[in-house]
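User: I would like to learn how to read a structure, starting from the whole chain and ending at one residue. Can we work through one?

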Amino acid sequence: MSPNISSEKSVNPNEHLTIPKWVNEDYFLPILEKDVNGFDKIVSFTPIAATAPGENYTSVMIRVLIDVLLKDGSTQELSYILKTMLESSEGADAINAMGLFPKEKQMYEVHIPQFVQLYKEAGLDIELAPKCLLVDHTAEAISLVFEDLSRQKFVNCDRLRGFDMEHMRCVLRKLAELHAASVVVHDRYGPYDELYNKSMYSEESRPLFEKMGEMRQAQYISAMRQWGLDDAEKYIQKFWTGSEFFDLALQVNVVDDSDFSVLNHGDCWSNNIMFNYKDNGEVDRTIFVDLQIGKWGSPAQDLWYLICTSASLDIKVKEFDHFIQIYHERLAECLKLLNYSKKIPSLRDLHIMMLKYGFWGPLTSNTVMTATLMPSDKNSNVNTMMDPGPKGDAMRIKTFSNIYYVEAMRLLLPFFEVKGLLKD
């Protein structure tokens, strides 16, 4: 999840976050010596939370504010984003066991530079992700230090309102650029590391997801009856059990070698996409953050995930086919530019893929979208969501009854039905 942006340097968006003691001046000194021309010494060092409660469930995000003295006697204000693994707990251990940080480490060390270089060799300067200044792998954890994009006036859109058409167009085109480069690298150099064949949904994670499914099933169905759906019981009958959901999630993650496949971002929603703007208010640059969940497979995964979680209500369904067309147009351009050696999928091919892998729609809307559309809450974290007691129950009821989520599901459930994507 990308960090919250604040014009007030000292504002801490999450006072409840405990900053690890090792996040200190000594840790950042080698980074500053390498990153800052004429660096002399640290004058002040202030680590604060980079995200508000409920903005991030899979890592600890810290904004580090540093004032430095330069050798010429002047001072400079700096800030960095540090991302590290969750401290041990039942929920955190389950998240850490999914191998998210090893994936992100490899993305920043190997693949993002590789993709950018491909475009550069083809005569195009493309940016896909922020500059990573340090990848630190110890026996205890993997940590990454990034440039703070807020210094370049990058911001997030309001995740509860979602992207308008201008922002969706920019994201779909950027996603196509990422996907096209990943396909060409695979075509030229062979398969990616086995890490990228592994989804969050695997037999190893089955106990976690089935446990969560069992805890939430009754509350979710109860909430559905309060959503104001036309014939709520019809949709409840078409709703899967926790084990059925998980089995279908495993199936939709299986790669068909006869299909067009890409290295998916894997967590492509509004908080993981940042923008800066021209003076006239138009989007100037678009960039991805949070590359932990990359998965080799159908681009339908990222497309369903993005549209369900992040397109604004007025265009989420109305412009669905148009979104696929925008993505396809840029994908074809990039594959041609990069001299892709195989057949470029047609727009028709992509629409067929969106149906074949259409379970990504209900899967995304029933799982991650419950969190992405939940207003900030100090109890929104993986431990509360996995709590089988009253605290967890209260949070789940609050999440499923949240008006932003309810409005999205009232729109999406009939859409899934007419697409043939609900349970028979």
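This is a predicted model: local features need pLDDT of at least 70, side-chain atom pairs count only at pLDDT 80 or more; totals for chains, interfaces and linings use all residues.

Analyst: Residues are numbered from 1 along each chain as its sequence is written, and side-chain values use heavy atoms, with hydrogens and water left out.

User: What does the radius of gyration say about the chain?

Analyst: The radius is taken over C-alpha atoms, and the globule rule is 2.2 Å times the number of residues to the power 0.38. With 424 residues, a compact globule would have a radius near 22 Å; the chain has 22 Å, so the two agree. The C-alpha atoms fill a box of roughly 70 × 55 × 45 Å along the principal axes.

User: How much of the chain counts as buried?

Analyst: Buried means under 20% relative accessible area, exposed over 50%, partly exposed in between (1.4 Å probe, protein chains only). Here 55% of the 424 residues count as buried.

User: Which residues does R285 contact, leaving aside its neighbours within four places in sequence?

Analyst: Contact means heavy atoms within 4.5 Å. On that basis R285 touches E127, Q152, F154, M274, F275 and N276.

User: What links the side chains of R285 and E127?

Analyst: A polar contact, at 2.6 Å. The term means a pair of N or O atoms within 3.5 Å; within protein, one must be able to donate a hydrogen and the other to accept it, and residues adjacent in sequence count only if both atoms are side-chain atoms.
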